[in-house]
2 protein chains.
Amino acid sequence: MQDMHLVHHDCGECPIRHRAVCARCDAAELSRLEQIKYYRSYPAGQTVIWSGDRMDFVASVVSGIATLTQTMEDGRRQMVGLLLPSDFVGRPGRAMAAYDVTASTDLVMCCFRRKPFEELMVSTPHVAQRLLEMTLDELDAAREWMLLLGRKTAREKIASLLAIIARRDATLNLRAAKGGIDFNLPLTREEMADYLGLTLETVSRQISALKRDGTIMLDGKRHVTVPDFDRLLEEAGDDSDGGVLG
Amino acid sequence: MQDMHLVHHDCGECPIRHRAVCARCDAAELSRLEQIKYYRSYPAGQTVIWSGDRMDFVASVVSGIATLTQTMEDGRRQMVGLLLPSDFVGRPGRAMAAYDVTASTDLVMCCFRRKPFEELMVSTPHVAQRLLEMTLDELDAAREWMLLLGRKTAREKIASLLAIIARRDATLNLRAAKGGIDFNLPLTREEMADYLGLTLETVSRQISALKRDGTIMLDGKRHVTVPDFDRLLEEAGDDSDGGVLG
DNA sequence: CGACAGCCTTGACCCAGATCAATAGCCAGG
DNA sequence: CCTGGCTATTGATCTGGGTCAAGGCTGTCG
C-alpha cells in the first residue's frame, strides 16, 4: 500500500522475486519475463475483474491484498481465495475469469499478457514448475478451508482466520510467530463473513467474545494483539502444531 | 469394480489413457512411465493411506472411487476430494500424506514410486504440464465446493451433489446428460454427509424431500433417476448452464 | 462545526439443521 | 429360521447462527 508507486523495472529488486511464479527463474528467463511484464495499480475497494469477463492477462500480486469471490444469483457470496503478495492471479489456458477479483487494500500487480506468458511456460520449465508448486499449495489451502467451512463453529472459524492472518503477516514481515503477536486486519467484518461463510453480525459477535475472554485484544477495530498464539490455535480447533508437511 | 482384475500392462489399452496424468505423453514418454508403474487394488471400505503417514508413491485412479478426508481431533470429518477414474493421488515433492485416502468402492490404482516419478516430471514436460492442468481443475472444483459448503442450504447441497455425480457418471459412461438420467450413488449417506458438511440424518431427510416432490426417483437406496436434469440444477442453485469456461 | 456515510456492535427473536432416539430394511452367518 | 450388524428413515426436540432492528463510532466533506 505505501509502495503503490514502487514499480520495479528491475526484477532483481522486486520484493516478491523469490516467492512468486518467477521464483525459480535464472537471469535469462527473468529477462524474458521482464520484457512482457507491466504493472497495474488498483485503489482499495476496486474490482480488478468480474467473473465471466474476458481476461487476457495473468499476474502476481506485488503489494496489497486481493480477494477471489463467487456470487450466487440471489446475492449470496463466498470468498474462495485471499491473495497476498507473491500470489498468482488468473489461469493460463483460460480466457474467462472464473471469479470476481477485488482489491481489498490498495493493490499493485505485476501483469503478463496471457498469450506470451503461455508460450513462455512451454519454453521455460522453471515457470511452469513453480506455478505447479504454487497451485498445489493453493489446493491444500482450499481444502483446509473446506474443513473450516463445513465443520467448524463460528468461534473456531474466527480464531482460524486470525491465526492465518497472523501467520502470513509474520512471514511477510519476518517477525517471530511466537509470543505476543500483533497485526492489522486487512479485511472488513463483511469480507471476513464472506470468507468464513458467516454473517457480519456473527463475525462481530465472535470477535467480541474472543476479546471478552482475553484470547485477543483489540486496539480500534482493526488492530489485533494475540497474547498467546497457542491459545488462539486451540480456539481454532487445529492440531496444535500447525505442522509443515515435508 | 467389475474390472478390479484388469491390470493393463499396455498403457495403450488403459481406460484412463487419455484423461490421466499421462494423457499428453507420446510413445517414448509412455514407455518410461510403463517401466515404473505398478497396480494396486483395494476392496471397498479399505483405507489406502492415513493422513500423516509416509507416502512414497503417487498414483492415478484406474477404476472405482476414492475419497480424501480430513478429520479433527474430536472426530468431525470433512471430505475434501472425491477421486474418480483418471484422478491423481498424492503430491510430488511431499513425503507425508495430507489427507486420509479411502477406497469408497473397490479400487484399482496405477502407482508410481515417488522419486522416479519426480525425476520423470523434470525430464518429460508433458507429465508436468498435464499435472498442472489437472491441479488447476481440482482447485476450481475445490473452490466451487467452498461456495457449496459456505453458502448453500442442505437441499441445495444434496441437489448439487446429485448433479455432479450424474454429470461425472455421464461423461465416464458416454451417455447423454440431457433428458432422463439415472445412476447409482457411489457413496453412503454418511459419506455424502461428510462431503456436504451435513449430518447423515439431514442427508436422508433432504433426499426423501427431493423424492417426495418428484425432483428425483429412488429405486432402492442407491439407484437414482433424474427425470428433469434442469430442474435438479435449479434446486442446486447453480447458474442454469453449468457452463464450461474457455 | 455539523451532517452524512461507512463500518461496526449489540439486542431480540426465529429457524434450518444438529442431536437424540426409535424403528425398519437387508443381508450374511449360524 | 432366527440373530446381529449395517445402513437408512423418520420423529421429537434443541440450539447455533441467521435475520431484523436499533444505535454507536470515526472520518470526511461542505
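Modeller: Happy to! Helices here are DSSP runs of H or I at least four residues long, strands are runs of E of at least two, and both are numbered from the N terminus. Counted in that way, chain A has seven helices and eleven strands. Its radius of gyration is 19 Å, close to the 18 Å that the globule rule gives for 246 residues, so chain A is as compact as a globular protein of that length. Please keep in mind that this is a predicted model.

The C-alpha trace of chain A spans about 55 × 45 × 35 Å along its principal axes, and 43% of its 246 residues count as buried. Of the contacts in chain A between residues at least 6 apart in sequence, 72% join residues at least 24 apart.

Now to the helix I have picked: α5 of chain A, which runs over residues 189-196. Is it mostly covered or mostly open? Six of its eight residues are buried, so α5(A) is mostly covered, where buried means that 20 or more other C-beta atoms lie within 10 Å of a residue's own. The six are Glu191(A), Met192(A), Ala193(A), Asp194(A), Tyr195(A) and Leu196(A). What do they pack against? Their partners in chain A are the strands β4 (66-71) and β5 (77-83), together with the helices α4 (154-173) and α6 (200-212). Just past the end of α5(A) comes Gly197(A), which takes a positive phi of about 70°.

Chain A is divided into domain 1, covering 11-138, and domain 2, covering 152-236. The C-alpha centres of these two domains of chain A lie 26 Å apart. Where they meet, eleven residues of domain 1 of chain A are in contact with eight residues of domain 2 of chain A. On the domain 1 side, β4 and β5 of chain A each supply at least two residues, and β5(A) gives the most, with four. That side of domain 1 of chain A divides into five nonpolar residues, five polar and one charged.

Next, follow α5(A) to the DNA. Around DNA strand C there are 16 residues, and those that come nearest are Thr188(A), Arg189(A), Ser204(A), Ser208(A) and Thr202(B). α5 and α6 of chain A, along with α6 of chain B, each supply at least two residues of this surface. The largest share, six residues, comes from α6(A). By class, the surface near DNA strand C has four nonpolar, six polar and six charged residues.

What about DNA strand D? It is surrounded by 17 residues, the closest being Thr153(A), Thr202(A), Thr188(B), Ser204(B) and Ser208(B). Two or more residues of this surface are given by each of α4 and α6 of chain A, and by each of α5 (189-196) and α6 (200-212) of chain B. Here the largest share, again six residues, comes from α6(B). The surface near DNA strand D has four nonpolar, six polar and seven charged residues.

Both chains have now come up, and here is how they are related. A rotation of 180° with 0.0 Å of shift along its axis superposes chain A on chain B, with an RMSD of 0.0 Å. That is the relation of a two-fold axis. In the interface, 34 residues of chain A are in contact with 34 residues of chain B. On the side of chain A that touches chain B, the elements giving two or more residues are β5 and α3 (125-151) of chain A. The biggest contribution to that side, 18 residues, is from α3(A).

One last stop is in chain B. Ile164(B) has its place in helix α4 (residues 154-173) of chain B. With 19 other C-beta atoms within 10 Å, Ile164(B) is partly exposed. Leu233(B) is 69 residues away from Ile164(B) along the chain, yet their C-alpha atoms are separated by 9.6 Å.

Notes: Residues numbered from 1 in each chain as written. Chains lettered and ligands numbered in written order. Predicted model: local features only at pLDDT ≥ 70, side-chain atom pairs only at ≥ 80, totals over all residues. Rg over C-alpha atoms; globule rule 2.2 N^0.38 Å. Buried ≥ 20, exposed ≤ 12 C-beta atoms within 10 Å, placed from the backbone. Contact = placed C-beta atoms within 7 Å. Near = placed C-beta within 6 Å. Nonpolar A, V, L, I, M, F, W, Y, C, P; charged D, E, K, R; others polar. Least-squares fit on C-alpha atoms with pLDDT ≥ 70 in both. Domains from an automatic or database assignment.
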